[in-house]
Every structure is written in structure tokens, then in C-alpha cells.
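Here's a quick tour of a model you can follow along with on screen. Keep the viewer open and click through the residues as they come up.

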Amino acid sequence: MAKSPSGTVTRSDVAKVAGTSVAVVSYVINNGPRPVAEATRQRVLAAIQQTGYRPNAVARALASGSTKTFGLVVPNINNPFVASMAHMLLQESLNHGHVMLLGDAGDDRQRELELIQGLLNRQVDGLFYTSVDRHPYIDLIQASGTPLVMLDRVEPRPGVNMLRVNEREAARQVTAHLLSHGYQQVGIISGPLHMFNAQDRIHGWRDAMTAHGLSVDEALIFPASYSRQGGYDAAQRMIASGRVPRALFTSNEGQAIGCIRALAEHGLRVPQDVALVCFNGTEQANFHVPRLTTVRQPLRDMARCAIQMLKESSGGARVAEFPHQLEIGESCGCPSS
């Protein structure tokens with residue numbers, strides 16, 4: 001069979017082999033907009049297989065105005081919460097006929113910028129985004145006209161959709177749960193102090209201490225990266241300082257796991273010696289020993305909302321706030337159920 005002058009198999013080539021028009025080939029490939037008799041459809045499919053034709057996704061995107069792709073940029077996919085959120089967004093994107101292109105910045109701001117530029121150059125239909133720090137590249141994305149949903153709290157800006165949980169209230173609640181056990185000294189392994197979510201969690205920790213009439217000891221704030229290594233290193237600093245509190249609030253699940261490892265290396269048990277709760281737990285929290293007491297976010301609902309925000313984006317801004325859930329494990333000192 002003769003191919004087009006460029007050597008690439010085209011729809012015209014398929015139409016010649018199938019004995020149909022190019023329009024009919026297009027209807028089969030696109031599943032419409034006009035119906036095609038089953039016998040004709042089978043001839044076209046056989047011709048596609050015979051010629052080795054592959055639809056040109058770029059051309060289809062230019063014609064339809066949609067690439068059927070979303071982009072997702074995250075600080076570090078090693079974070080269990082980030083990975084869980086990415087999984088939910090991927091599943092929901094597929095449900096809406098889109099594929100997801102994942103960009104992992106590896107906690108590197110320059111890499112984050114390069115990933116965003118690459119996704120914008122690919123003309124994704126929308127972008128989900130969590131920045132490595134409190135200075136996201138929102139202006140760049142807005143200038144491209146690409147719909148955007150921020151997956152964590154940022155300073156309110158016109159035209160920026162945002163998902164959020166009241167992290168200050170959630171941190172207050174989980175710290176209050178520790179205090180309900182009668183612990184008088186509660187420390188916190190926070191995130192990096194310049195991050196909005198780290199500040200929210202510290203404020204919530206302070207709120208709980210104050211509400212219980214306890215003094216706030218700033219020396220019991222141990223900033224760290226949101227990772228297992230961060231939790232491990234913070235616990236090592238805490239132990240070296242000689243200021244090991246009776247109870248501890250870690251700001252994410254990875255930190256909790258790293259912290260427990262460091263405590264174990266020094267013969268300290270959870271919860272017998274140090275009671276512990278964490279933020280942003282995932283399914284992994286239920287399989288840790290001891291099972292982690294944690295704040296959970298409704299990731300599936302959040303992913304569905306994020307997709308709708310992109311698909312319905314019209315230049316306005318929408319902020320969607322979701323409830324959190326305190327999931328009781330054994331790490332806080334509660335009996336196993």
C-alpha cells in the first residue's frame with residue numbers, strides 16, 4: 001500500500017483500504033458524531049490494524065481545543081499523603097476521559113518551574129498544583145490562560161481555585177485529644193516554618209494548649225521537612241536536647257514514622273514513653289505498629305471537586321473547604337479496638 005509523501009499513514013490511506021470516505025474513518029476513530037454501520041466500522045478497524053495507522057493526538061487536540069490531559073505538580077511524591085492525593089486525582093481524571101501528567105519537583109523550586117513550563121507547553125487542559133514553598137508560580141500559569149486548582153492553602157488571589165481543610169482547627173483537635181489523656185507536656189514536630197500549613201498546625205497546637213490552661217513552650221517546636229527523614233532528624237534533635245515531651249504531635253505521617261524509628265533507637269516506646277498523633281494520615285497509618293492516631297482528609301471528595309473546578313473554570317475563583325476526620329489508633333495511648 002502506498003503511504004502519504006511524508007511516509008506517515010494517514011486517514012486517507014485507511015479510507016482507501018477500507019473502501020470508505022475519510023469522514024467515515026473519522027467517525028469510527030472519534031466514536032461519532034455520526035453513527036457508522038457495524039459492518040463498515042469493522043472494515044475501518046481492520047484497515048487501521050492493517051495499515052498501522054496511529055491517530056495524531058496533537059492534530060486532534062488542535063481541532064478539538066482539548067488535549068484530554070491534566071497536569072499535576074507536587075513537591076515530592078515520596079510523601080505518602082501527596083502520593084495518595086495524586087492517586088485519587090489520577091483515578092478521577094480517567095473517569096472524565098483525561099490522562100494525568102505527573103511532575104515531581106523533588107523539593108526543588110527550579111525543577112518545579114521547569115515542570116510547570118513543560119506542562120503548559122504541552123497545552124494541558126488544566127493544572128493541579130502544590131508548591132514546594134509559599135511562593136508558587138501562579139502568575140505564570142494564569143498568564144497562559146490554563147485553569148488552575150491549588151491543592152493547599154495559599155494567599156487568596158483573583159481567579160485562583162483552591163482546596164483546603166481547616167488545618168488550624170484539625171491541629172487543635174488532635175492536640176486536644178492528646179491532652180484528654182492527661183498529658184501536660186505536648187511538643188510538635190512541625191513542617192518548615194515558612195510554610196502556611198506549618199504555621200496553621202503550630203497555631204492549632206498553641207490553641208489547644210492555651211484552651212487547657214497550659215503554658216506554651218516554644219522550645220518544644222521542632223521544625224522539619226515533611227518526610228520520614230525529617231521526622232527522624234527532628235526526633236534526634238529533640239532527644240539530644242534532653243527535652244523529650246510526654247506527648248508529641250507530628251505534622252504528617254512520614255514524620256511520625258521517622259520519629260518512631262528515632263525514639264526506638266534510644267529505647268523509647270510509643271505510646272508507653274511518648275504518646276504520638278499525626279496529621280495527613282493515609283491507609284498506611286492503619287498498618288503501622290502501633291496504629292497511628294491521625295487526622296484524615298477526604299481525598300476522594302477533594303479529587304472529584306478539583307476535577308469539577310477545572311472543567312467548570314470560567315476565570316472566577318472558587319475555594320472549597322472540606323471537613324477533616326480524627327481517626328483513633330493506638331499511638332496516642334488509646335486501647336486497641
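First, the ground rules. This is a predicted model, so to speak of local features pLDDT has to be at least 70, side-chain atom pairs count only at pLDDT 80 or more, and totals for chains, interfaces and linings use all residues. Residues are numbered from 1 along each chain as its sequence is written, and side-chain values use heavy atoms, with hydrogens and water left out.

**Salt bridges**

Searching the whole structure turns up 14 salt bridges, each being a side-chain nitrogen of Lys or Arg within 4 Å of a carboxyl oxygen of Asp or Glu. Three of them are worth a click:

| Pair | Closest N to O |
|---|---|
| Arg-300 and Glu-92 | 3.9 Å |
| Arg-168 and Asp-207 | 2.7 Å |

Take the pair Arg-300 and Glu-92, a salt bridge at 3.9 Å. Arg-300 sits in helix H12 (residues 299–311) and Glu-92 in helix H5 (residues 80–95), so this pair ties together parts 208 residues apart in sequence. Helices (DSSP H or I, at least four residues) and strands (E, at least two) are runs numbered from the N terminus. Glu-92 is buried at 5% relative accessible area, while Arg-300 is partly exposed at 38%. Here buried means under 20% relative accessible area, exposed over 50%, and partly exposed in between, using a 1.4 Å probe and protein chains only.

Arg-168 and Asp-207 pair up at 2.7 Å. The arginine belongs to helix H8 (residues 167–180) and the aspartate to helix H9 (residues 196–211), so parts 39 residues apart in sequence are tied together. Both ends are partly exposed: Arg-168 has a relative accessible area of 36%, and Asp-207 comes in at 26%.

Arg-296 is in strand S10 and Glu-327 in strand S12 (residues 325–327), so the bridge ties together parts 31 residues apart in sequence. Glu-327 is buried, with 18% relative accessible area. Elsewhere, salt bridges with shared partners join Glu-92, Arg-300 and Arg-304 into one network.

**Around Arg-296**

What else does the side chain of Arg-296 reach? The backbone oxygen of Gly-281, at 3.2 Å. Beyond neighbours within four places in sequence, Arg-296 is in contact (heavy atoms within 4.5 Å) with residues including Thr-282, Glu-283, Asn-286, His-324 and Gln-325.

The largest pocket holds about 780 Å³ of space. On a 1 Å grid over the protein atoms alone, a pocket is an open set of points with protein on both sides within 12 Å along at least five of seven lines, whereas a cavity is a set where a 1.4 Å probe fits but cannot get out; lining residues have an atom within 4 Å of a point. Grid points are joined across faces, edges and corners, and a volume is the space filled by probe spheres set on the points.

Of the 40 residues lining the largest pocket, Asn-79, Val-82, Thr-130, Asn-197 and Tyr-226 lie nearest its centre. H5 gives the largest share of that lining, 5 residues.

Notes:
A polar contact is a pair of N or O atoms within 3.5 Å; within protein, one must be able to donate a hydrogen and the other to accept it, and residues adjacent in sequence count only if both atoms are side-chain atoms.
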